[in-house]
Amino acid sequence: MKSQNELRTLLRSIDHKGYPAYKSLAGAWKFDRYTLVIDHVQGDPFASPSSLHVEIPHTLAKFPAAYYAEDCGRIALQDFLVRQVGKQFEQYNFRAKGSGKSGLLSISRCGQAVLERSACEITDSGLIVRFYVGFPAFGRTINAGELDKILFDFLPRCVESSLFYARLDGKRVESVVHLAEDQREVRRILKAEGLVAFVANGSVLPRKSGVSDLPMADSVPFTSPASMERTFRLPHRGEITGMAIPEGITLIVGGGYHGKSTLLEAIQMGVYDHIAGDGREFVITDDTALKLRAEDGRSIRNVDISLFINDLPNKKDTTKFTTEDASGSTSQAAAVVEGIEAGTRLFLIDEDTSATNFMVRDEFMQQVISRDKEPITPFLERAGELYEKAGISTILVAGSSGAFFYIADHILMMDCYRPVDITERVKGMCGGHTAPRVKAPGFMVPTFDRVLPAFRKAQKGRGRGWDGRELETRNIGYGGDAAESGSFSMAESRGAGGQGYRGAEGRGNGRDGRGYGSGEDRGHGGRGRGGNRGGDGRHEHMKTKSFGLESFSMDREEVNVRYLEQLLDTEQVNALAHLLRYGLEEVMDGRKTVRQTVESIWNAWEKQGWKPFSSSYVPCGLAKPRIQELYACLNRFRG
């Protein structure tokens, strides 16, 4: 490994040369207390910035081993370090001058949730922190003096101030790890005691605005109804009291603007841990929980929706239902079945974003339109058995139909943002009304044996879709019969990344500090997994590009993730594109089912981290999604 002095000498030797000469700096360089690795050098000062990382051994970083011995503490500590580096970078961002992105210093921008990101990894040997730097230039001529400032002045200061335990507030670091361990304990209690969610008293549920995930100032703190209040003892915080929602069917009702959807939104984001000060630190939900909604126009492939929809007028087989343009009811029926396949134990539903005819049919409508003319069995008639026979609970926000009262185990009324348990009162009132049908015959959990056709590049640029038919215009490069051992290259990162709260701007422009993610990837070569090679020896990799929290594309095929409401960061979308690409290129062989395909992809991540999904280097700008969202993306891919 070469020294920092050799790097400085080389840098000075290329001063005022053409910008491509910067590529000679790629490689590992030994500094006094860390190793600097220049993974990829940008093509010009206006392209996406260069990818770098630093490696610091544990013997020098000296964080207590107990802090990263368990996954919860390790992930929380990684998140904390990314935030510390980000704060340091803000002081030096664009202080080195030049054209284009010259002088940029950027790392993942973390939001209110704690996510596992490629920006920081704590390994058995030490810390790895990945980031972006805009190599300075005048026009397209190298400005070595300004890069010298970054690499030998700004960057060492940032690293020393944020990545060595002795330079940090030890109590604060400890509190980050302890909070993560307390949150893990609540999750353990939920599973052990048959609960699906917990909302601590004093939690701040409303957000600052529709484009900000920060807590709302002066909002009404949450208070549990006495009948659902539980107290848990946590290892560091001690006793904590709040509302514990049991398994079964829980109904949330109330007048408009009283906080029904706000409570449900907090619960749906409780699948993630949140940082101190967020207000939702102890809003904890079963981590398999899945938010359902109607998605008009989505693609559905060979899904058995017969549990909800049968006897269509066109005689279409609903045990293997396929459409490129689903209706609200068929999309929501498919989402339920796909959620079961993905292993969820809790459905979260808001009546406002659901297909009305999928959710319920009142008695008068049933008299007008007889059952033998209606192919839809509403969710109302399946929810009870989904819990009793499949073990899947439901939390439902309702405001227009009283029929749901008859299936609810618990009924909460939101009154001026405070929940009131009205279960007994409403159950007593139900006796005075004609009960709707709440169970339909023929309940059976589908068998999940959908086999995915092998995705292979055919001759003359033709590909094959999910149905196995060749597609004339497809131009994808995943391995086929002619695949040989070669490179598995991820490529240059071109899109914006960083935190992108749903509804807010999620794309960085280089000067706002939001950072750059793996927006667009092109194959460059490198060494790694097997794959297809073109005539020039390069790996023909599927090109991916992400568009914030809206969608990502695989070559020319777009995957819409707009309605996956539990995705909260654009870096998760970037990661999903990489995981799905790996599945198409390396896993789908024409024999594996959907479950086997997802499990293969997930196992690769669990065993090897980001490496199988990257090129010769792992980029900054990826955040681990949940397995439920990976299932959802595979099911929405139209290729």
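Predicted model: local features only at pLDDT ≥ 70, side-chain atom pairs only at ≥ 80, totals over all residues.
L105 belongs to strand β5 (residues 105-106), which is joined to β7 by two bridges. β5 and β7 run antiparallel.

Now select the whole of β7, residues 126-133. Buried or exposed, how do its residues come out? Eight of its eight residues are buried, so the strand counts as mostly covered, with buried meaning under 20% relative accessible area.

Next, bring up strand β4, residues 50-57. β4 and β7 pair in the antiparallel sense, over eight bridges. To find your place along this pairing, pick V54 in the viewer. Which residue of β7 stands opposite V54? It is V129.

Move on to strand β6, residues 120-122. Three bridges join β6 to β7, and these two strands also run antiparallel. Select E121 and follow its bridge into β7: the partner is I128. Then trace the chain from β6 to β7. The two strands form a hairpin, with three residues between them.

How many aromatic pairs does the model hold? The count is 14. Select Y19 and Y22 for one of them. Their ring centres are 5.0 Å apart, with 80 degrees between the planes. The pair is edge-to-face because planes over 60 degrees apart fall in that class. Y19 and Y22 are both buried.

Another pair to show is F198 with F232. The centres of these rings lie 4.9 Å apart and their planes meet at 40 degrees, so this pair is tilted. Colour the two strands that carry the rings. F198 lies in β10 (residues 195-200) and F232 in β13 (residues 229-234), so the contact ties together parts 34 residues apart in sequence. Both F198 and F232 are buried.

Finish with two charges over rings. Select R8 and F152 first. R8 lies over the face of F152, at 4.2 Å from the ring centre. Then select K316 and F321. Here the charged end of K316 sits over the ring of F321, at 5.0 Å from its centre.

Conventions: Residues numbered from 1 in each chain as written. Heavy atoms only, no water. Phe/Tyr/Trp six-rings, centres within 6.5 Å; stacked < 30°, edge-to-face > 60°. Buried < 20%, exposed > 50% of the residue type's maximum accessible area, 1.4 Å probe, protein only. Helix = DSSP H or I, 4+ residues; strand = E, 2+ residues; numbered from the N terminus. Lys NZ or Arg CZ within 6 Å of the ring centre and 35° of its normal. Pairing = 2+ DSSP bridges.
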